[in-house]
Amino acid sequence: MANAAKIEAVADLKAKLEKGPNFILASYSGLTVEDMTNLRAKLRKEGSEMKVIKNNLFLRALKESSAHKDKTIEFGDIYKGPLAAIFSTESLPAVAKVCKDFAKDKKELEVKTGFMDGQVLDKTGVEAIAGLPSKQELLSQIARGLNAPATQIASGVNQIMASLARAINAVGEKNG
């Protein structure tokens, strides 16, 4: 019979997976409490949460989660040893970048796998999405792209008006 604490832990993990189906799994063996606190603070700034998990309970929550139950998620050897799940409700690429940057200084943090938009990502995939621009950067790039033609049209009209004014001024000076 299942322990009440385990049932509650699975329900909590399932709720987190339902709220934000994207996540990263990382090994944290060797990180100090201070390191973990610093990492959690950085992740919170990106709208994510890191939770130390029990591997078998996390797998059970994945199987029960409506966002993941239709997917074939078999991580195999990745589920060996202590893992932390980093849940993202906003931008997983920004969270992956935080993990990648943190792992440069603290080799003990090792990204194992991830899940984004219905796809299971391996370590290389998570590192690849870390290089993607954030949602805000993408929106600003789109805005610049949309604004560029309007700016060019305004500049062109302005040049035509200035040329016309110079021509009228030149004719006026010539005719006296």
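What covers the buried residues of α1? The cover includes β1 (22-27), β2 (48-53), α3 (55-64) and β3 (83-88). Keep in mind that this is a predicted model, where local features need pLDDT of at least 70, side-chain atom pairs count only at pLDDT 80 or more, and totals for chains, interfaces and linings use all residues. Residues are numbered from 1 along each chain as its sequence is written, and side-chain values use heavy atoms, with hydrogens and water left out.

A few terms before the tour:

- Helices (H or I, at least four residues) and strands (E, at least two) are DSSP runs, numbered from the N terminus.
- Buried means under 20% relative accessible area, exposed over 50%, and partly exposed in between (1.4 Å probe, protein chains only).

**Helix α1**

- With 16 residues (4-19), α1 reaches 22 Å from its first C-alpha to its last, close to the 22 Å expected at 1.5 Å a residue; that expected span is 1.5 Å times one less than the number of residues.
- V10, L13, K16 and L17 are the buried residues of α1.
- They sit on the same side of α1 because they cover an arc of only 125° around the axis, taken from the directions from the helix axis to the C-beta atoms.
- As a rule, an α-helix has 3.6 residues a turn, so residues three or four places apart point the same way.
- Turned away from that buried side is a face with the exposed residues A4, E8 and K19.

**A closer look at K16**

- K16 belongs to helix α1, and it counts as buried because its relative accessibility is 17%.
- Leaving aside neighbours within four places in sequence, K16 is in contact (heavy atoms within 4.5 Å) with E49, K51 and F87.

- β3 runs antiparallel to β1, with six bridges joining them; two strands pair if DSSP finds at least two bridges between them.
- β2 also pairs with β3 in the antiparallel sense, over six bridges, and S48 has S88 as its bridge partner in β3.

- β4 (residues 110-116) is mostly covered, with five of its seven residues buried.
- β1 and β4 pair in the antiparallel sense over five bridges.
- S27 has a bridge partner in β4, E110, and one in β3, L83.
- β4 also pairs with β5 (residues 119-122), antiparallel over four bridges.
- Two residues lie between the strands in the hairpin of β4 and β5, where D117 takes a positive phi near 50°.
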